[in-house]
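The following exercises call for close reading of a model alongside its sequence. Each task is followed by a solution in steps.

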Amino acid sequence: MPLWLQQAKWPSRAPGAALILWQAIGISGGLSLVTAPLTWGLQPFGPGILSGGSELWRVVQSDGIEGLAYDPRWHPLGFAAITLGCIIFGHLALVLVHTAYRTFTQRKKHREFVELLSASLQEHDRELLDGSHSAQTTRVLPVDHPLAYCLPGVNQPLTIVSQGLLDKLSTPQLNAVLSHEAAHLTQRHDLLRLAFQAWHKAAPWLPVTSVAVNEVTELTEILADDVALMQHQRTDLTTALVHTLNTTETFAAETVPSNAADNSPTSRRLLRLLNPEDALSSGKVGLVVILAVLVITVPAFISLM
(Lines give C-alpha, C1' and ligand atoms only; values in the text may rest on other atoms or scores of the structure.)
Protein backbone atom coordinates (compact mmCIF):
# COMPACT_ATOMS: atom_id res chain seq x y z
CA MET A 1 0.00 0.00 0.00
CA PRO A 2 1.36 3.47 -0.84
CA LEU A 3 2.75 5.38 2.14
CA TRP A 4 0.54 8.42 1.42
CA LEU A 5 -2.55 6.22 1.61
CA GLN A 6 -1.47 4.61 4.88
CA GLN A 7 -0.96 8.03 6.42
CA ALA A 8 -4.18 9.61 5.07
CA LYS A 9 -6.16 10.90 8.05
CA TRP A 10 -9.08 13.21 7.46
CA PRO A 11 -9.39 16.14 9.87
CA SER A 12 -11.15 15.16 13.09
CA ARG A 13 -12.27 18.76 13.42
CA ALA A 14 -15.07 18.07 10.92
CA PRO A 15 -15.99 14.38 11.25
CA GLY A 16 -19.37 14.83 9.58
CA ALA A 17 -17.86 16.43 6.49
CA ALA A 18 -15.11 13.80 6.38
CA LEU A 19 -17.73 11.05 6.52
CA ILE A 20 -19.59 12.63 3.61
CA LEU A 21 -16.34 12.70 1.62
CA TRP A 22 -15.60 9.06 2.41
CA GLN A 23 -19.11 8.10 1.31
CA ALA A 24 -18.53 9.97 -1.93
CA ILE A 25 -15.23 8.11 -2.42
CA GLY A 26 -16.98 4.79 -1.77
CA ILE A 27 -19.83 5.49 -4.19
CA SER A 28 -17.48 6.83 -6.85
CA GLY A 29 -15.11 3.89 -6.41
CA GLY A 30 -17.90 1.35 -6.78
CA LEU A 31 -19.31 3.13 -9.83
CA SER A 32 -15.86 3.33 -11.42
CA LEU A 33 -15.29 -0.41 -11.03
CA VAL A 34 -18.52 -1.03 -12.95
CA THR A 35 -18.54 1.78 -15.49
CA ALA A 36 -14.87 1.62 -16.60
CA PRO A 37 -15.15 -1.70 -18.50
CA LEU A 38 -18.64 -0.81 -19.72
CA THR A 39 -17.46 2.51 -21.12
CA TRP A 40 -14.50 0.92 -22.89
CA GLY A 41 -16.58 -1.91 -24.31
CA LEU A 42 -19.31 0.39 -25.60
CA GLN A 43 -16.95 3.06 -26.97
CA PRO A 44 -17.37 2.05 -30.65
CA PHE A 45 -21.13 2.54 -30.34
CA GLY A 46 -21.12 5.84 -28.45
CA PRO A 47 -18.97 8.12 -26.26
CA GLY A 48 -20.80 7.08 -23.06
CA ILE A 49 -22.77 4.23 -21.56
CA LEU A 50 -26.17 5.76 -22.30
CA SER A 51 -25.42 6.61 -25.93
CA GLY A 52 -23.61 3.32 -26.51
CA GLY A 53 -26.38 1.33 -24.89
CA SER A 54 -28.99 3.13 -26.99
CA GLU A 55 -27.07 2.30 -30.17
CA LEU A 56 -26.80 -1.35 -29.14
CA TRP A 57 -30.55 -1.46 -28.57
CA ARG A 58 -31.17 0.12 -31.99
CA VAL A 59 -29.00 -2.54 -33.63
CA VAL A 60 -30.85 -5.32 -31.81
CA GLN A 61 -34.22 -3.93 -32.91
CA SER A 62 -33.16 -3.60 -36.55
CA ASP A 63 -30.85 -6.60 -37.06
CA GLY A 64 -31.54 -8.85 -34.09
CA ILE A 65 -29.06 -10.57 -31.78
CA GLU A 66 -27.18 -12.09 -34.72
CA GLY A 67 -26.70 -8.68 -36.30
CA LEU A 68 -25.40 -7.32 -33.01
CA ALA A 69 -22.94 -10.20 -32.65
CA TYR A 70 -21.45 -9.61 -36.09
CA ASP A 71 -21.43 -5.82 -35.96
CA PRO A 72 -18.04 -4.69 -37.36
CA ARG A 73 -17.67 -1.93 -34.77
CA TRP A 74 -16.90 -4.32 -31.91
CA HIS A 75 -13.50 -4.13 -30.24
CA PRO A 76 -11.74 -7.51 -30.12
CA LEU A 77 -12.43 -7.66 -26.38
CA GLY A 78 -15.43 -5.30 -26.29
CA PHE A 79 -18.03 -7.92 -25.43
CA ALA A 80 -15.73 -9.33 -22.73
CA ALA A 81 -15.36 -5.86 -21.19
CA ILE A 82 -19.14 -5.38 -21.07
CA THR A 83 -19.55 -8.83 -19.51
CA LEU A 84 -16.85 -7.97 -16.94
CA GLY A 85 -18.69 -4.77 -15.96
CA CYS A 86 -21.92 -6.70 -15.44
CA ILE A 87 -20.10 -9.36 -13.40
CA ILE A 88 -18.48 -6.73 -11.18
CA PHE A 89 -21.86 -5.09 -10.59
CA GLY A 90 -23.39 -8.43 -9.63
CA HIS A 91 -20.42 -9.22 -7.40
CA LEU A 92 -20.73 -5.91 -5.53
CA ALA A 93 -24.47 -6.38 -5.07
CA LEU A 94 -24.18 -9.98 -3.88
CA VAL A 95 -21.36 -9.16 -1.44
CA LEU A 96 -23.44 -6.33 0.02
CA VAL A 97 -26.46 -8.62 0.47
CA HIS A 98 -24.31 -11.41 1.95
CA THR A 99 -22.53 -9.03 4.33
CA ALA A 100 -25.83 -7.56 5.49
CA TYR A 101 -27.36 -11.01 6.00
CA ARG A 102 -24.35 -12.31 7.89
CA THR A 103 -24.11 -9.20 10.07
CA PHE A 104 -27.80 -9.21 10.97
CA THR A 105 -27.70 -12.96 11.68
CA GLN A 106 -24.67 -12.62 13.95
CA ARG A 107 -26.28 -9.65 15.66
CA LYS A 108 -29.45 -11.65 16.33
CA LYS A 109 -27.44 -14.50 17.86
CA HIS A 110 -25.42 -12.01 19.90
CA ARG A 111 -28.63 -10.42 21.15
CA GLU A 112 -29.99 -13.81 22.23
CA PHE A 113 -26.70 -14.52 24.01
CA VAL A 114 -26.83 -11.17 25.81
CA GLU A 115 -30.45 -11.63 26.85
CA LEU A 116 -29.59 -15.07 28.23
CA LEU A 117 -26.57 -14.01 30.28
CA SER A 118 -27.39 -10.44 31.18
CA ALA A 119 -29.90 -8.70 33.38
CA SER A 120 -31.61 -5.35 33.32
CA LEU A 121 -30.29 -2.68 35.61
CA GLN A 122 -31.08 -3.33 39.24
CA GLU A 123 -32.89 -0.70 41.26
CA HIS A 124 -29.71 0.64 42.83
CA ASP A 125 -28.05 0.79 39.40
CA ARG A 126 -30.98 2.62 37.81
CA GLU A 127 -30.24 5.55 40.05
CA LEU A 128 -27.05 6.03 38.04
CA LEU A 129 -29.01 6.94 34.93
CA ASP A 130 -30.23 10.40 34.14
CA GLY A 131 -33.58 11.08 32.49
CA SER A 132 -32.21 10.77 28.94
CA HIS A 133 -31.49 7.04 29.21
CA SER A 134 -33.84 4.12 29.68
CA ALA A 135 -33.02 1.18 31.92
CA GLN A 136 -35.29 -0.98 29.73
CA THR A 137 -32.81 -0.87 26.84
CA THR A 138 -29.67 -1.30 28.94
CA ARG A 139 -28.29 -4.73 29.81
CA VAL A 140 -25.60 -5.62 32.33
CA LEU A 141 -23.23 -8.52 31.69
CA PRO A 142 -21.80 -10.27 34.77
CA VAL A 143 -18.23 -9.52 33.71
CA ASP A 144 -15.56 -7.86 35.83
CA HIS A 145 -13.76 -6.37 32.82
CA PRO A 146 -15.08 -2.87 32.02
CA LEU A 147 -16.76 -2.75 28.62
CA ALA A 148 -19.61 -1.00 26.84
CA TYR A 149 -21.08 -1.42 23.37
CA CYS A 150 -24.41 -1.34 21.57
CA LEU A 151 -26.48 -3.74 19.50
CA PRO A 152 -28.54 -1.93 16.84
CA GLY A 153 -31.96 -3.27 16.04
CA VAL A 154 -35.21 -2.30 14.38
CA ASN A 155 -37.50 -3.01 17.33
CA GLN A 156 -35.44 -2.45 20.46
CA PRO A 157 -31.73 -1.61 20.17
CA LEU A 158 -29.71 -2.45 23.25
CA THR A 159 -26.81 -0.89 25.09
CA ILE A 160 -24.65 -3.41 26.93
CA VAL A 161 -22.38 -2.58 29.83
CA SER A 162 -20.47 -4.84 32.19
CA GLN A 163 -20.75 -4.97 35.94
CA GLY A 164 -17.07 -4.08 36.06
CA LEU A 165 -17.81 -0.83 34.26
CA LEU A 166 -20.63 0.03 36.66
CA ASP A 167 -18.28 -0.54 39.58
CA LYS A 168 -15.58 1.74 38.13
CA LEU A 169 -17.56 4.69 36.74
CA SER A 170 -19.32 7.48 38.52
CA THR A 171 -22.84 8.52 37.54
CA PRO A 172 -21.73 11.32 35.16
CA GLN A 173 -19.14 9.07 33.55
CA LEU A 174 -21.62 6.25 32.96
CA ASN A 175 -24.14 8.62 31.45
CA ALA A 176 -21.47 9.99 29.11
CA VAL A 177 -20.76 6.44 27.91
CA LEU A 178 -24.46 5.72 27.40
CA SER A 179 -24.88 8.96 25.46
CA HIS A 180 -22.01 7.89 23.20
CA GLU A 181 -23.62 4.52 22.51
CA ALA A 182 -27.06 6.09 22.05
CA ALA A 183 -25.59 8.33 19.34
CA HIS A 184 -24.46 5.25 17.43
CA LEU A 185 -27.96 3.80 17.64
CA THR A 186 -29.93 6.91 16.70
CA GLN A 187 -27.62 7.86 13.81
CA ARG A 188 -27.40 4.22 12.59
CA HIS A 189 -23.64 4.22 12.24
CA ASP A 190 -23.83 0.44 11.89
CA LEU A 191 -25.39 0.74 8.42
CA LEU A 192 -22.65 3.09 7.27
CA ARG A 193 -19.95 0.75 8.51
CA LEU A 194 -21.68 -2.23 6.93
CA ALA A 195 -21.56 -0.61 3.48
CA PHE A 196 -17.82 0.02 3.72
CA GLN A 197 -17.17 -3.46 5.11
CA ALA A 198 -18.99 -4.91 2.11
CA TRP A 199 -16.93 -2.72 -0.24
CA HIS A 200 -13.72 -3.99 1.38
CA LYS A 201 -14.83 -7.62 1.13
CA ALA A 202 -15.79 -7.16 -2.52
CA ALA A 203 -12.46 -5.55 -3.46
CA PRO A 204 -9.86 -6.42 -0.78
CA TRP A 205 -7.09 -5.96 -3.36
CA LEU A 206 -7.96 -2.25 -3.58
CA PRO A 207 -5.94 -0.52 -0.80
CA VAL A 208 -8.40 2.34 -0.34
CA THR A 209 -11.13 -0.04 0.85
CA SER A 210 -9.14 -1.08 3.92
CA VAL A 211 -8.26 2.53 4.71
CA ALA A 212 -11.91 3.53 4.26
CA VAL A 213 -13.16 0.95 6.78
CA ASN A 214 -10.66 2.11 9.40
CA GLU A 215 -11.34 5.80 8.79
CA VAL A 216 -15.13 5.45 8.82
CA THR A 217 -14.89 3.44 12.05
CA GLU A 218 -12.84 6.20 13.66
CA LEU A 219 -15.06 9.01 12.34
CA THR A 220 -18.27 7.40 13.62
CA GLU A 221 -16.66 7.06 17.04
CA ILE A 222 -15.68 10.74 16.93
CA LEU A 223 -19.21 11.74 15.92
CA ALA A 224 -20.63 9.79 18.85
CA ASP A 225 -18.11 11.47 21.16
CA ASP A 226 -19.22 14.88 19.91
CA VAL A 227 -22.87 14.04 20.63
CA ALA A 228 -21.95 12.93 24.15
CA LEU A 229 -19.93 16.11 24.72
CA MET A 230 -23.03 18.20 24.00
CA GLN A 231 -24.60 16.84 27.19
CA HIS A 232 -21.69 15.82 29.40
CA GLN A 233 -18.32 17.07 30.60
CA ARG A 234 -15.24 16.28 28.54
CA THR A 235 -13.44 14.96 31.62
CA ASP A 236 -16.24 12.47 32.32
CA LEU A 237 -16.16 11.04 28.79
CA THR A 238 -12.34 10.96 28.72
CA THR A 239 -12.12 9.16 32.07
CA ALA A 240 -14.75 6.65 31.00
CA LEU A 241 -12.88 5.99 27.76
CA VAL A 242 -9.66 5.30 29.66
CA HIS A 243 -11.49 2.63 31.68
CA THR A 244 -12.68 0.91 28.51
CA LEU A 245 -9.40 0.95 26.55
CA ASN A 246 -8.63 -2.30 24.69
CA THR A 247 -12.17 -3.61 25.15
CA THR A 248 -14.74 -4.62 22.59
CA GLU A 249 -15.85 -1.43 20.91
CA THR A 250 -19.33 -0.41 19.81
CA PHE A 251 -20.53 -3.14 17.42
CA ALA A 252 -19.26 -6.43 18.76
CA ALA A 253 -20.54 -8.64 15.93
CA GLU A 254 -18.91 -6.69 13.13
CA THR A 255 -15.45 -7.12 11.66
CA VAL A 256 -12.78 -4.76 10.39
CA PRO A 257 -9.65 -5.43 8.31
CA SER A 258 -6.81 -7.24 10.04
CA ASN A 259 -4.59 -4.16 10.07
CA ALA A 260 -7.15 -2.11 12.00
CA ALA A 261 -5.25 -2.62 15.24
CA ASP A 262 -2.54 -0.22 14.15
CA ASN A 263 -3.23 3.28 15.42
CA SER A 264 -6.51 2.10 16.94
CA PRO A 265 -9.51 4.43 16.83
CA THR A 266 -9.69 4.31 20.64
CA SER A 267 -6.20 5.76 21.12
CA ARG A 268 -6.81 8.49 18.53
CA ARG A 269 -10.13 9.34 20.17
CA LEU A 270 -8.38 9.70 23.51
CA LEU A 271 -5.78 12.06 22.05
CA ARG A 272 -8.56 14.13 20.47
CA LEU A 273 -10.43 14.37 23.78
CA LEU A 274 -7.28 15.35 25.66
CA ASN A 275 -6.27 17.92 23.01
CA PRO A 276 -9.48 19.39 21.54
CA GLU A 277 -9.21 21.26 18.25
CA ASP A 278 -11.25 24.13 16.93
CA ALA A 279 -13.98 23.09 14.52
CA LEU A 280 -13.57 23.86 10.83
CA SER A 281 -15.33 26.96 9.57
CA SER A 282 -18.63 26.56 7.76
CA GLY A 283 -16.95 27.70 4.55
CA LYS A 284 -14.37 24.91 4.67
CA VAL A 285 -17.05 22.36 5.51
CA GLY A 286 -19.05 23.61 2.54
CA LEU A 287 -16.01 23.14 0.28
CA VAL A 288 -15.66 19.55 1.48
CA VAL A 289 -19.32 18.87 0.70
CA ILE A 290 -18.96 20.42 -2.77
CA LEU A 291 -15.86 18.29 -3.37
CA ALA A 292 -17.81 15.19 -2.32
CA VAL A 293 -20.56 16.00 -4.83
CA LEU A 294 -18.00 16.53 -7.59
CA VAL A 295 -16.23 13.25 -6.77
CA ILE A 296 -19.48 11.42 -7.54
CA THR A 297 -21.02 13.46 -10.33
CA VAL A 298 -18.02 14.25 -12.57
CA PRO A 299 -16.85 10.63 -13.17
CA ALA A 300 -20.47 9.46 -13.46
CA PHE A 301 -21.28 12.17 -16.02
CA ILE A 302 -18.19 11.36 -18.09
CA SER A 303 -18.96 7.63 -18.08
CA LEU A 304 -22.67 7.95 -18.82
CA MET A 305 -22.59 10.70 -21.41
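**Exercise 1.** Which residues form a nonpolar patch on the surface, and what is their accessible area together?

*Solution.* The model is a predicted one. The patch consists of Leu50, Leu287, Ile290, Leu294, Val298, Phe301, Ile302, Leu304 and Met305. Together these residues have about 880 Å² of accessible area. Next, consider the contribution by element: helix H12 (residues 282-304) gives the most, with 7 residues. Met305, also a member of the patch, lies in the segment after H12.

**Exercise 2.** Determine where His232 lies, whether His232 is buried or exposed, and what its side chain contacts.

*Solution.* His232 is located in the loop that runs between helix H9 (207-229) and helix H10 (234-243). Its relative accessible area is 13%; buried means under 20%, and therefore His232 is buried. Two partners of the side chain can then be identified. With the side chain of Ser179 it makes a polar contact (2.7 Å), and it reaches the backbone oxygen of Asn175 at 3.3 Å.

**Exercise 3.** Locate Arg188 and describe its phi value and accessibility.

*Solution.* Arg188 belongs to the loop between helix H7 (171-186) and helix H8 (189-202). Its phi is near 50 degrees, a positive value in a residue other than glycine. With a relative accessibility of 27%, Arg188 counts as partly exposed.

Technical notes. Residues are numbered from 1 along each chain as its sequence is written. This is a predicted model: local features need pLDDT of at least 70, side-chain atom pairs count only at pLDDT 80 or more; totals for chains, interfaces and linings use all residues. Side-chain values use heavy atoms; hydrogens and water are left out. Helices (H or I, at least four residues) and strands (E, at least two) are DSSP runs, numbered from the N terminus. Buried means under 20% relative accessible area, exposed over 50%, partly exposed in between (1.4 Å probe, protein chains only). A polar contact is a pair of N or O atoms within 3.5 Å; within protein, one must be able to donate a hydrogen and the other to accept it, and residues adjacent in sequence count only if both atoms are side-chain atoms. Patches are made of residues with over 30% relative accessible area and no salt bridge: like charges are joined within 9 Å, nonpolar side chains (Val, Leu, Ile, Met, Phe, Trp, Tyr) within 5 Å. Accessible areas come from the Shrake-Rupley method with a 1.4 Å probe; for residues, only the protein chains shown count as cover. A salt bridge is a side-chain nitrogen of Lys or Arg within 4 Å of a carboxyl oxygen of Asp or Glu.
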